Amino acid sequence: MNTYIANFLDSSCKSFDLYSCNKGIISSEHFLDIDDLKNLDNSSLLVVLIPSILITSYQNLKNTGLSEDINLANFISDIDNKIVDQISHNEFLFHGNNAFIVNKVILEDLNKALTQLDNNIILMPEYSFFKNEYEQDVIFELNNKFIFSNSDGTGTAVSSGALEQYCQMISDLKVGYNPLIYSDDKFLKEKYPNSNFMASNLKSFFNQDFDRLPNFYKFHFSYQSILYLIWLIILSATTLPFNLFI
């Protein structure tokens, strides 16, 4: 099964770079819309990365003795003063010990577009994709921005112009901050001389265990998507051996 990584270039979630890995060689193509991926092999895995600016993450330790609704209400109460827009405008998503907040319209639009594709789909925050299996903090440079994937499952991304300021902030908050860094950036090498540096290469992330990462893709039921499902069922039936119907 081929794996593809779609990384949006900005918060509009329109144009993106699509990465693939063949025999250890990473290649990329530029696309202007998700709809352009309809020609992908239907057995392939498509991992779509939500821009960090669109999805906020928090640590969230659930109380297993309480219901899902009560846990959700408690979480919203805890972070209510940190949410800029109305609570009802947001979707609250949970994975492991983390909670994520994303605008409902943004998430629905992404799921609508992805539902039109005939692929195995994973939709996650871009910083979750770089979450280290050994629970290390990670900084990954990609497309002129720096993605911070924290050991606690949270994360963010900043432009090169904001890198120094953000690094100072996170170092003040996390004593002994010593991330694994996928970049050759001069400032990062001076700021974190004791860190391990690796080339900014996606290769090692293509073979990771995606089951341990969040997946916020949800099939969007609509008139068009139901018609598409019916067409797939009919197509599958017509390709079965004739003697199965006797």
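**Entry 1: the pocket**

I began with the largest pocket and listed its lining: E91, L93, K104, L107, E108, N111, N215, F216, Y217, K218, F219 and H220. By the rule I used, on a 1 Å grid over the protein atoms alone, a pocket is an open set of points with protein on both sides within 12 Å along at least five of seven lines, where a 1.4 Å probe fits; lining residues have an atom within 4 Å of a point. The elements that give two or more residues to this lining are β6 (90-95) and α2 (104-115). I noted that α2 gives the most, with 4 residues. Helices here are DSSP runs of H or I with at least four residues, strands are runs of E with at least two, and both are numbered from the N terminus.

I then looked up the volume of the largest pocket, which is about 270 Å³. That volume is the space filled by probe spheres set on the grid points, which are joined across faces, edges and corners. Rolling a probe the size of a water molecule over the atoms shows where empty space is left. I sorted the lining residues into 5 nonpolar, 3 polar and 4 charged. For this I counted Ala, Val, Leu, Ile, Met, Phe, Trp, Tyr, Cys and Pro as nonpolar, Asp, Glu, Lys and Arg as charged, and the others, Gly among them, as polar.

**Entry 2: ground rules and totals**

The model is predicted: local features need pLDDT of at least 70 and side-chain atom pairs count only at pLDDT 80 or more, while totals for chains, interfaces and linings use all residues. Residues are numbered from 1 along each chain as its sequence is written, and side-chain values use heavy atoms, with hydrogens and water left out.

I found 6 helices and 13 strands in the protein. Of its 246 residues, 42% are buried. Buried means under 20% relative accessible area, exposed means over 50%, and partly exposed lies in between, with a 1.4 Å probe and protein chains only. The accessible surface comes to about 14100 Å², and carbon and sulfur atoms hold 51% of that. The areas come from the Shrake-Rupley method with a 1.4 Å probe. Among contacts with a separation of 6 or more, 56% join residues 24 or more positions apart. A contact means heavy atoms within 4.5 Å.

**Entry 3: aromatic pairs**

How many aromatic pairs does a search of the whole structure find? I got 16. Rings of Phe, Tyr and Trp (its six-membered ring) pair if their centres lie within 6.5 Å; planes under 30 degrees apart count as stacked, over 60 as edge-to-face and the rest as tilted. I looked at F140 and F205, an edge-to-face pair with 5.6 Å centre to centre and 85° between the planes. F140 is in strand β9 (residues 138-142) and F205 is in the loop between β13 (197-198) and α6 (223-238), so the pair ties together parts 65 residues apart in sequence. Both partners are buried: F140 has 1% relative accessibility, and F205 has 7%. I also found F140 and F205 in one aromatic cluster with F129, F130, Y182 and F210.

Is E126 buried or exposed? E126 is buried, at a relative accessible area of 1%. I placed E126 in helix α3 (residues 126-129). Leaving out residues up to four places away in sequence, E126 touches N7, L49, I50, P51, S52, K145, I147 and A157.

N60 sits in the loop between β5 (55-59) and α1 (68-79). N60 is buried too, at 10% relative accessibility.

**Entry 4: positive phi**

Most residues other than glycine have a negative phi. I noted C13, with a positive phi near 55°. C13 is in the loop between β1 (3-8) and β2 (16-22), and is buried at 11% relative accessibility.

N143 also has a positive phi near 55°. I found N143 in the loop between β9 and β10 (145-149), partly exposed at 32% relative accessibility. With residues up to four places away left out, N143 touches N7, L9, D17 and Y19.
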